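Here's a quick briefing to read alongside the structure. Have a look at the model, then work through the topics one by one.

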Amino acid sequence: MDNLLFGILTIILCFTGYSFSWKFQMQDKYKLAVLLLLICGLTLRIYTSADFFLHAWDERYHALVAKHLIHHPLTPTLYENPVLPYDYKNWLGNHIWLHKQPLPLWGMALSMWMFGVNVFALRLPSIILSTIGIWLTFSIGKYFFSKKVGFLSAFLYSINGLIIELAAGRVATDHIDIFFLFFIELAVFFSIRFVQKNNTVYNILAGLSIGAAVLSKWLPALIVLPVWLLIVADSGKFKTKTIVFQFLLLLVTCIAVFLPWQLYIFHVFPLEAGWESGFNIKHFNEVIEGRTGPFYFYIDQIRINYGDMIYLPLLWFLWKTFKNLKNYKNLAITIWFLVPLLFFSFAKTKMQAYILFTSPALFMITSDFFYRLVDYKKQHRPKWVFNLILILLIALPVRYTIERTKAFQKRDRYPQWVANLKKLNNDKINNGILFNYDKPIEAMFYTDLTAYRHIPDNNTIAALTEKGYTIIINDDGNIPDRVKKLEGVKVVELLK
């Protein structure tokens, strides 16, 4: 089906589904309403993920490491067979790859083990987790505020363009941040269930979820701890001794999940683990890979990711929270958003998705404001002003959804270079090394070759040939004469 037609049909289908969802919500039929949110959100994610090629940043690296993890889950590698010297500090071209925590990579590897090494299997875990996140957002919003606030929060999560793009691997940090967001929400959900049911099992599940979040994107996952404390304190069900015991149990469970991997990699891969540990700290003190911005970077970015009207509900909610600090639920939501915002604002390295895990808090803040404004306008004028604000609170996020999904753009979703690599892989070349190809990471994902951007000197090529490697050179029209004279070298034409 033509991509543009496919996009138009997707938007029409989702518009219809969301319309009925709102209708059911107005009739207090929340099960049907949320079910439709899940279906429409899943549809948007599947459509956006149907780019049948690896995206440049950072999906291709995660994909290649995940592919290799299928065969050795405890040894994450980028270059599976680095026939040329490499720098272990260079995460773009090294062998042992510890640049990210392993859980999202394991998830992608498991999916590809089950459904084959392809981009849709790669993205399937993020599609599923971000769809489940719609329901989690509804459940959390219902607890903190009301069913209608939970519903609107879930709707905003469902259509959020950044979440959809990340699940599709289109923008940097992609599946890593989707896993992180999911386990943060899951930990908050289990924290709520713990106080509702007064059952230690749910607290253990919350600890497991925090540990899984740490194994997805490290220590910012600990933001759940103060949120947990405020949820427990707000319930009024527990004595101080019980709170202390349950909090320690939460911590022990969390640590038991993430610590073994850290000990393992420092024991087995000490050089790489030590370097990456220091590299993570550098994100706070140094600008890494040019990813930076002013102190207000995230304050400015949230208008793009959550709608230009976000500042109005945010300022209102902060005012409301600090006016009454004894409202622990409001305080928990504020901490969930504000602490990471301030932390990452002080950090030198900045990227838009670094505070993605705070998005449920923003969705709930927006939704609470929306319904407060609905009530307020009943007694105040001019009503057209309130109506305009209410419309913009919904319309602007919808606009960014359409822009990010690119549903109305005619795009090549299966480029020729992917077809060429797959065709090359069908040749079943043993011990093949591809040189002079500007997409080496993609080449190693789609084929069993080892690939490099450059062409080494003739002596290196000769030495590799003597070792039994098959040398393949991509003909980009600029192959040096020295290479053309070599015997036993296979020349192919692969589109860039």
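Before we start on the sheet, one term: two strands count as paired if DSSP finds at least two bridges between them. Keep in mind, too, that this is a predicted model. We'll go from the sheet to the nonpolar cores, and then to a pair of helices.

**The sheet**

- Strands of a sheet pair through backbone hydrogen bonds, and they can do that either parallel or antiparallel.
- Here you'll find an open sheet of 4 strands in the order S2-S1-S3-S4, and the pairing is parallel.
- At the edges sit S2 and strand S4 (490-492), each of which pairs on one side only.
- Strand S1 (residues 432-435) and strand S3 (residues 470-474) are parallel partners, linked over 4 bridges.
- Look for glycine 432, which has threonine 470 of S3 standing opposite.
- S1 also runs parallel to strand S2 (residues 450-451), this time with 2 bridges.
- On that side, leucine 434 stands opposite alanine 451 in S2.
- To get from S1 to S2, the chain passes through helix H19 (residues 440-446), making a right-handed β-α-β crossover.

**The nonpolar cores**

- The largest nonpolar core has 116 residues, and the ones touching the most other members are Phe144, Ile184, Val188 and Trp336.
- Which helix gives the most to this core? That's helix H8 (residues 174-197), with 15 residues.
- Zoom in on isoleucine 184: setting aside neighbours within four places in sequence, its contacts are Ala213, Ala221, Ile223, Val224, Trp336 and Phe357.
- There's also a second, separate core of 49 residues, and among its members are Trp91, Leu122, Leu464 and Ile472.

**Two packed helices**

- Two packed helices are described by the angle between their axes and the distance between those axes.
- For helix H11 (residues 240-268) and helix H12 (residues 270-285), the angle is about 125 degrees and the axes are 5 Å apart.
- Where they meet, H11 brings Ile265, Phe266, His267 and Val268, while H12 brings Pro270, Ala273, Gly274 and Ser277.

Definitions and conventions
Residues are numbered from 1 along each chain as its sequence is written. This is a predicted model: local features need pLDDT of at least 70, side-chain atom pairs count only at pLDDT 80 or more; totals for chains, interfaces and linings use all residues. Side-chain values use heavy atoms; hydrogens and water are left out. A nonpolar core is a set of buried Ala, Val, Leu, Ile, Met, Phe, Trp, Tyr and Cys residues joined through side-chain atoms within 4.5 Å. Buried means under 20% relative accessible area, exposed over 50%, partly exposed in between (1.4 Å probe, protein chains only). Contact means heavy atoms within 4.5 Å. A crossover is right-handed if, with the strands pointing away from the viewer, the path from the first strand over the helix to the second runs clockwise. Axes are lines fitted to C-alpha atoms, for helices over the stretch in contact, and angles run from 0 to 180 degrees between N-to-C directions.
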